[in-house]
Amino acid sequence: MQSARYAGPPMFARGSKRRALVAWAAVPLVVGIGIGVLIGGDLTPAPVNPTPTAPVNEPPQLEYTDMPCDPGSSVLVLHSLEGAMPAADVKVLLDYESLWVRYRENANPVLRDQTALLSRRDDVCDAIVPNDPKFTQFVWIGPFQSDVAPSLCEALLKVTGKNCIPAQVVR
């Protein structure tokens, strides 16, 4: 009966060259941890529940604006919203449109200092209110001179009549 051959000591324990290699491989690990501690601060854990600035369950407050109805002016109606839309989604839409107007303001100087505004159905000019009562809120920018308004849809890279409606506030 033959016995298994003895292969000698484990691989990492053979010779001083291999032990030195293992030791030098550990050095970058220790240096990396040291640099991480220096950059990130001490190793104490972050507080579990920092004090929130606003209650989590409270919906965002929407700021409504009366639409100006001056003769000879127009607004760009960007969205007609239904009343069932959550306030948080409306806020995201307003923030997005305001950001987009700021991003595209170099395309047309008339867009400078403009921001997306929100109006209730009762605060919108009579010429703009659609017949369908399901639309209760309107996102718009303006007012602008009526002859300039259509070109602003192109400056905003929006499709006139679909997601950008240049509407005269008084007909």
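## A buried asparagine in a loop

Asn 108 is in contact with Ser 151, Leu 152 and Ala 155, leaving aside its neighbours within four places in sequence; contact means heavy atoms within 4.5 Å. Asn 108 is found in the loop between helix 2 and strand 2. Helices (H or I, at least four residues) and strands (E, at least two) are DSSP runs, numbered from the N terminus. Asn 108 counts as buried because its relative accessibility is 13%. Buried means under 20% relative accessible area, exposed over 50%, and partly exposed in between, computed with a 1.4 Å probe on protein chains only.

## Basis of the model

This is a predicted model, in which local features need pLDDT of at least 70 and side-chain atom pairs count only at pLDDT 80 or more, while totals for chains, interfaces and linings use all residues. Residues are numbered from 1 along each chain as its sequence is written, and side-chain values use heavy atoms, with hydrogens and water left out.

## Overall fold

The protein has 3 helices and 4 strands. Their order from the N terminus is α-β-α-β-β-α-β. Of its 171 residues, 25% count as buried. Among contacts with a separation of 6 or more, 72% are between residues 24 or more positions apart.

## Nonpolar cores

A nonpolar core is a set of buried Ala, Val, Leu, Ile, Met, Phe, Trp, Tyr and Cys residues joined through side-chain atoms within 4.5 Å. The largest such core has 20 residues, of which Leu 76, Leu 111, Leu 118, Val 139 and Ile 141 touch the most other members. Strand 1 (73-82), helix 2, strand 3 (135-145) and helix 3 (149-155) are the elements that give two or more residues to this core. A second, separate core of 10 residues includes Val 75, Val 124, Cys 125 and Ala 167.

Which residues does Leu 76 touch, not counting residues up to four places away in sequence? They are Val 139, Trp 140, Ile 141, Phe 144, Ala 149, Leu 152, Cys 153, Leu 156, Cys 164, Ile 165 and Pro 166.

## Disulfides

A search of the whole structure finds 2 disulfides, each being a pair of cysteine sulfur atoms within 2.5 Å. With bonded cysteines counted along the chain, the pattern is 1-2, 3-4. In the pair of Cys 69 and Cys 125, the sulfur atoms are 1.9 Å apart. This pair links distant parts of the chain, 56 residues apart: Cys 69 is in the loop between helix 1 (15-40) and strand 1, and Cys 125 is in the loop between strand 2 and strand 3. The link is left-handed, with -105° about the S-S bond. Cys 69, at 37% relative accessibility, counts as partly exposed, whereas Cys 125, at 1%, counts as buried.

Cys 153 and Cys 164 form a disulfide with their sulfur atoms 2.0 Å apart. Cys 153 lies in helix 3 and Cys 164 in the loop between helix 3 and strand 4 (165-168), 11 residues apart. The torsion about their S-S bond is about -80°, so this disulfide is left-handed. Cys 153 counts as buried at 0% relative accessibility, and Cys 164 counts as buried at 0%.

## Largest pocket

The largest pocket has a volume of about 200 Å³. On a 1 Å grid over the protein atoms alone, a pocket is an open set of points where a 1.4 Å probe fits, with protein on both sides within 12 Å along at least five of seven lines; lining residues have an atom within 4 Å of a point. The volume is the space filled by probe spheres set on the points, which are joined across faces, edges and corners.

The lining consists of Gln 61, Leu 62, Glu 63, Thr 65, Lys 91, Leu 94, Asp 95, Ser 98, Thr 115, Ala 116, Leu 117 and Leu 118. Helix 2 (87-103) and strand 2 (117-120) are the elements that give two or more residues to this lining, and helix 2 supplies the largest share, 4 residues. By class, the lining has 5 nonpolar, 4 polar and 3 charged residues; Ala, Val, Leu, Ile, Met, Phe, Trp, Tyr, Cys and Pro count as nonpolar, Asp, Glu, Lys and Arg as charged, and the others, Gly among them, as polar.

## Backbone features

Most residues other than glycine have a negative phi, and most peptide bonds are trans. The peptide bond from Gly 142 to Pro 143 is cis, with omega near 0°, and Pro 143 lies in strand 3. Asp 113, in the loop between helix 2 and strand 2, has a positive phi near 65°. Asp 113 counts as exposed because its relative accessibility is 78%. Leu 157 has a positive phi of about 60° and is placed in the loop between helix 3 and strand 4. Leu 157 counts as exposed at 56% relative accessibility.
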